[in-house]
Amino acid sequence: MESQTIVEALLLGMIEGMTEFIPVSSTGHILLAGHFLGFHSTGKAFEILIQLGAILAILSVYFHRLWQMLVDLPHDRVTRHFVLGILVAFLPAAVIGALAHGFIKTVLFESPRLICIMLIIGGLVLLWVDRFKPKPLYHDVERFPLRLYLQIGLFQCLSLIPGTSRSGSTIVGALLLGVDKRAAAEFSFFLAMPTMVGAFAFDLFKNRNVLTSADLPIIAAGFIAAFVAALIVVRFLLNYVSRHGYSLFGWWRLVIGTVGLAALFVWG
């Protein structure tokens, strides 16, 4: 990894934590910010590895619920159904992501213009869905039909295109399929856990021979910033979307995507 400043790493980590669990594309934001800051990492490893901070943040928030699920798993049918549903939703993106890893990292991750366009498209979709207000049919994330878990997992595959947003694709997919706003965000949290852990482990394995001890301070700074920022966001997001919906994030995406395209046009 090329020499970078701790300040840049902290800034990018904070962006990661702030945007990972809201539907605005954390990867898109980090890649755009890194592009304009001149920040480069070996194999784009930094951008993936600092997600561990966001992962630990959501695990800490949901620790008691996750522990209770682990205790209940052997004898509670609803808990077993929910865990199976998360695995079913996780698999499509995991398989496609592993098969297309090289193309995603070397082609899609290297296209700031594509990221900006996807931010804008995703923003328009989010605004439309929020205004369309599909009638909610499902309110309890633990009791979705298995086919619904799979369908949401298929929507998550769209997030392999940077700028689309993992949480955005799963939330929009869930809303279109009849999940209420709070449950859509909550299931996105649960689905993030295996998805982000899998992406982190896979990328760490892929980059095991190119990362050095000199990279650790930069990654550690980004990790800490991501953890703190994500902890704050996760604690307020469910209540916010229950009251206000997702329009703010749609407008956010439109502004960032438009400003990014303009900046690319002016500065390249």
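Trainee: What should I know about the numbering and the model before I start?

Mentor: Residues are numbered from 1 along each chain as its sequence is written, and side-chain values use heavy atoms, with hydrogens and water left out. Because this is a predicted model, local features need pLDDT of at least 70 and side-chain atom pairs count only at pLDDT 80 or more, while totals for chains, interfaces and linings use all residues.

Trainee: How many residues does the largest nonpolar core have, and which have the most contacts inside it?

Mentor: In soluble globular proteins, nonpolar side chains tend to be buried together. A nonpolar core is a set of buried Ala, Val, Leu, Ile, Met, Phe, Trp, Tyr and Cys residues joined through side-chain atoms within 4.5 Å, where buried means under 20% relative accessible area, exposed over 50% and partly exposed in between, with a 1.4 Å probe and protein chains only. Here the largest such core has 58 residues, and those with the most contacts inside it are F21, F144, F187 and Y246. Its largest share, 11 residues, comes from helix α11, residues 181-206; helices (H or I, at least four residues) are DSSP runs, numbered from the N terminus. A second, separate core of 10 residues includes L32, I48, I104 and F109.

Trainee: Which residues does F144 touch?

Mentor: With contact taken as heavy atoms within 4.5 Å, and not counting residues up to four places away in sequence, F144 touches H81, Y138, Y149, I152, V179, A183 and F187.

Trainee: How many aromatic pairs does the structure hold?

Mentor: A pair of aromatic rings is described by the distance of the centres and the angle of the planes. Rings of Phe, Tyr and Trp (its six-membered ring) pair if their centres lie within 6.5 Å, and planes under 30 degrees apart count as stacked, over 60 as edge-to-face and the rest as tilted. The structure holds 14 aromatic pairs. F236 and Y240 form one that is edge-to-face, at 6.2 Å centre to centre with 70° between the planes; because they are four residues apart in helix α12 (residues 216-244), about one helical turn separates F236 from Y240. F236 is partly exposed at 39% relative accessibility, and Y240 is also partly exposed, at 22%. Y246 and F249 form a tilted pair, 6.4 Å centre to centre with 50° between the planes, and both Y246 and F249 are buried. Ring pairs also link F21, Y62, F82, Y138, F144, Y149, F187, F189 and F190 into a cluster.

Trainee: At roughly what angle do the axes of helix α8 and helix α10 cross?

Mentor: Axes are lines fitted to C-alpha atoms, for helices over the stretch in contact, and angles run from 0 to 180 degrees between N-to-C directions. Angles under 35 degrees count as roughly parallel, over 145 as roughly antiparallel, 65 to 115 as roughly perpendicular and the rest as oblique. The axes of α8 (residues 112-132) and α10 (residues 166-176) come within 10 Å and cross at roughly 30°, which means that α8 is roughly parallel to α10. V125, L126, W128 and V129 of α8 make the contact with V172, L175 and L176 of α10.

Trainee: Where is the contact between α2 and α8 made?

Mentor: The axes of α2 (residues 26-37) and α8 come within 10 Å and cross at roughly 140°, so these helices are oblique to each other. The contact is made by G28, H29, L31, L32 and H35 of α2 and by P112, I115, C116 and L119 of α8.

Trainee: What is the phi of S25, and where is S25 found?

Mentor: Most residues other than glycine have a negative phi. S25, although not a glycine, has a positive phi of about 75°; S25 is found in the loop between α1 (6-19) and α2 and is buried, with a relative accessible area of 3%. S165 is not a glycine either and has a positive phi of about 95°. S165 is found in the loop between α9 (146-156) and α10, and counts as buried at 4% relative accessibility.

Notes. Helix = DSSP H or I, 4+ residues; strand = E, 2+ residues; numbered from the N terminus.
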